[in-house]
Amino acid sequence: MGERKEVFVTVGTTCLDKLVAAVDSKPVKATLFCRSFSHLKIQIGHGNYFPSKVSRQPGALEVDYFTFSPTIADHLKSASLVISHAGSESIFETLRLGKPLVVVLNEDLMDNHQAELAEELASRKHLFIARGPHLLAVTIERMDLELLVPYEPGEGEGDQINTLKLTSPCESSANEQEKGGALISKSKAKKGTKKAAQRHQDRAAISLARGSEYDENDPLSSSYGNIPLEDLQSKFITGRTWTGELCAEMKGETVLIRGAAQAIRPTSKKIVFLMVRQSMSTVQCILVVTKDIICPQMVRFATSLTKESIVDVEGVISVPDKPITGATQQVEIQVRKLYCISRAVPNLPFNIEDALRSETEFKKAEESGEQLVRVGQDTRLKNRGLDLRTPANQAIFRVKSAGVNKGRQFLLSKNFVEIFTPKVIAGSSEGGAEVFKLDYKGKPACLAQSPQLHKQMTICGGFDRVFEVGPVFRAENSYTHRHLCEFIGLDVEMELKEHYYEVCDIVEELFVEIFNHLNDNCSKELEVIKRQYPFQPIKYSPKRLTYDEGVQMLKEAGVEIEPMGDLSTEAEKKLGKLVSDKYNTDFFILTKFPLGIRPFYTMPCHDNSEYSNSFDVFLRGEEIISGSQRIHDPEMLTKRAEQCGIDVETISTYMDSFRNATRLHGGFGAGLERIVMLFCGLNNIRKCSLFPRDPQRLTP
C-alpha cells in the first residue's frame, strides 16, 4: 500500500450541486487517480443544507460523504489537496496550513465573495482558480502540487482563457470582467494578468524594503509587519524592556513579549486570536479592528503568519471574566503592535498543537469517535529542533538540569572535587565488546565506556573524593526503552575508611537531596510534564536488601531466577513492585551481588569469593546505579582482568597506578537520562536525551 493521499472538498453553507457533481465526476476522479490520490472526502452540507443530487459516480478513488462538523480542521490538516468555492471560510484555514488549494468559480458563485476573496488573497501564490467546474480536471492535471505554482493555459489552448484571475475592486479597471460571469477574451486576460503581476511585484518590493505589508493609505503600517533582516543584525539598541511572567496584577499595563506563534485563529475579518508561546508558558493575544489602534490590514497580517513564526507583541494586559482554557497564563494581551522576527515555513513537519497532546486527550477523542493527529516518536526525533519546543520537553530538560546542579552542589558540599577525564582511551574501561573502536593516529583506540579507570587513578593520585558529569559511550545493540549508545553519566569515586556501605550512604543522601529539591523547586515543570505524560510521584524512603533477599522475594512471588545470575528487566520490575508494596518505597539498594556478573575491578566479598562488595540502586523497579568497592591490590586486579578477557597491556598505565600503593576506595556510576525518565514516570529514555544516540540514530 502506498501513502494515503486525500483530497478534501468543502462547499460551505450554500447549496452547490454543480461543484459536488463536478468533483464526483469520472473525469475529475480519473485525473486525481492519475495524480496518485487515493481518497476523496466531500463535505456535502452545513446544517440543513444539502445538494439535491449526489452522483456517486464509480471510480478508482475511495469516496466519503459527510455533513459539516467541528472536526473539519482535522480534515484540512490531513488533506494533500483542498477543493473549495469562493464563499467557503475553509479557504483561509487551508492557506494558513500551506495546503494546495483549488477555488472553483461558476455562474452561481460570481457574487460578493469574489471581491472579498481577491482582497484577502492578493499576495497568495499557492492558489489555483478554475472558472467553471467543467475545467476542474484540466486544472488538477496541470497544477504543480509540490512547488505550488499556479497553472496558466499556454498558447493554442482555445480562444478563451480557462482560469480566472481575481482582482480587488481597485484593480477592476485594469482587468475588467463582463457581468454575469461571461468568459474573458485571452488577449484581455493576459494583458490584465501581466499588469496585476507587475503591481504585485512592486508591492512586494516595497513590503520587503519597509518590512511590513505596505499600504500607502494605512496610517498604522508602522505598527505591524516583517522586520527586515538588516535590522536584526545587531544594528541598534533600543532600550526597550521585555516582560517576563504575566499576572493579573499587571492589568492595564503595556507589555512587550517575544515568542512563537503557536496558533492563529481568525474568527472574522476583524478579529484574530494569536497564541504566543514562551518556553513552557502560553498567552492569548487578541487583535480586534479598532479605529486608530488596529486596522483590517493588521488583522490580515496576523492571520497570514505561519505557525511557529517568532513574533514581537506589544499590547495591554487585560483579565477576562472566564478562565482561559487554551493558555497557561490567565491574562490576555490586547495587541497594539505586532512584528514578525522570523517566519516559519508554511508546511511544518508536524503541528506543535498535535505534539503536545496527552494520552488522556487521545483516549477521550477515541471514545467520542474523533480522530486526532498523533506525532510519532521517530518523527519527533528526526525533527528534534521543533519537538523540543513543546512545553513538556522544555520542562523535562529543566528538571534534568536542576537535578544535575543540585547533585553537583551536594557533592561539593561533601568535599568532592569535580574532575574531567578523557573520552578517547587505549582500551576497554568496563570489559566486554561493547566499545566504539576508532583509529587514533594509526593506533587502535576506543570511546570510554565510563570514566572508571581514570577516576580510580585520580584516587591513586592523592584525591580522596572526586566526581564527574560527562558523556559515556556504550556500543551495545540494545533497542529497549531504557538504553542509549551515548548518555550523560554521573560518576563518583571516594576513599573508604572501612566499608563500601560508606558509598551507599552517599548515594542515599545524594538522591534524597536531589528528589527533595526537584519536588520543592520544580513543581511548575513537573506539572507541565504531568499534563502531557501523567505520572504518580515517587516514594523514596531508602531501603537496603541483599541480592539473596531480593531473589528470595521473587521466588516467593513465583519468579524463577537463574542461580547467581543477573536480574532480567522483568525480574527487576517485579522486585520493584514487591518492595514498593512491602516497604512503601520506590527507591532501594540491592547489595552483595555475585562476583561473576560484576566488572573486573570489583572487590570480592571477604567471607564468600563467589559474591562481591557491590550494589545496584533501583527506582520504580529499574536499575539506575551500579557501584562497588574497587580492587586496590595490583596482583588481584591483574588476575581479575585476565579472567574477564581484558588485554592487560591496553590498560597498563592504569594497572601501574596501584603498584605505588593506594587507598581503599569505592564508587558508583549513574545514568542521568534514566534517572529523569523514572523520576518523571516517562516511558522512554529518548524523551530525556536532547539528541538521542541509539543503534539506529546518529542524527540530528
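These legends walk through a few close-up views of a predicted model.

Local features are described where pLDDT is at least 70 and side-chain atom pairs at pLDDT 80 or more, while totals for chains, interfaces and linings use all residues. Residues are numbered from 1 along each chain as its sequence is written, and side-chain values use heavy atoms, with hydrogens and water left out.

**View A. Threonine 602 sits in the loop between strand E20 (587-591) and strand E21 (614-619).** Helices (H or I, at least four residues) and strands (E, at least two) are DSSP runs, numbered from the N terminus. Threonine 602 is buried, at a relative accessible area of 1%; buried means under 20%, exposed over 50% and partly exposed in between (1.4 Å probe, protein chains only). Look for the backbone oxygen of proline 599, which lies 3.0 Å from a polar atom of the threonine 602 side chain. Beyond its neighbours within four places in sequence, threonine 602 is in contact with residues including Leu595, Ser612, Gln629 and Arg640 (contact means heavy atoms within 4.5 Å).

**View B. Strands E14, E16 and E15 line up, in that order, as an open antiparallel sheet.** Strand E14 (424-425) and strand E15 (437-440) are the edges: each has a single partner strand, so one side of each has no neighbour in the sheet. E14 pairs with strand E16 (residues 443-447) over two bridges, and two strands pair if DSSP finds at least two bridges between them. Across from isoleucine 425 you'll find cysteine 446 in E16.

**View C. Strand E2 (residues 39-43) is tucked away, with five of its five residues buried.** That's why E2 is largely enclosed by the rest of the structure. His39, Lys41 and Gln43 point one way, with Leu40 and Ile42 pointing the other. Next to E2 runs strand E1 (residues 6-10), paired with E2 in the parallel sense over five bridges. One thing to spot is valine 7, whose bridge partner in E2 is leucine 40.

**View D. Helix H21 (residues 672-679) is mostly covered.** Eight of its eight residues are buried, among them Glu673, Arg674 and Phe679. Just after H21, glycine 681 takes a positive phi of about 65°.

**View E. Helix H13 (residues 391-413) packs against helix H16 (residues 523-532) at an angle of about 135°, with their axes 8 Å apart.** Axes are lines fitted to C-alpha atoms, for helices over the stretch in contact, and angles run from 0 to 180 degrees between N-to-C directions. At the meeting point, Pro391, Ala395 and Val399 are among the H13 residues, and Leu526 and Ile529 among the H16 ones.

Terms used:
A polar contact is a pair of N or O atoms within 3.5 Å; within protein, one must be able to donate a hydrogen and the other to accept it, and residues adjacent in sequence count only if both atoms are side-chain atoms.
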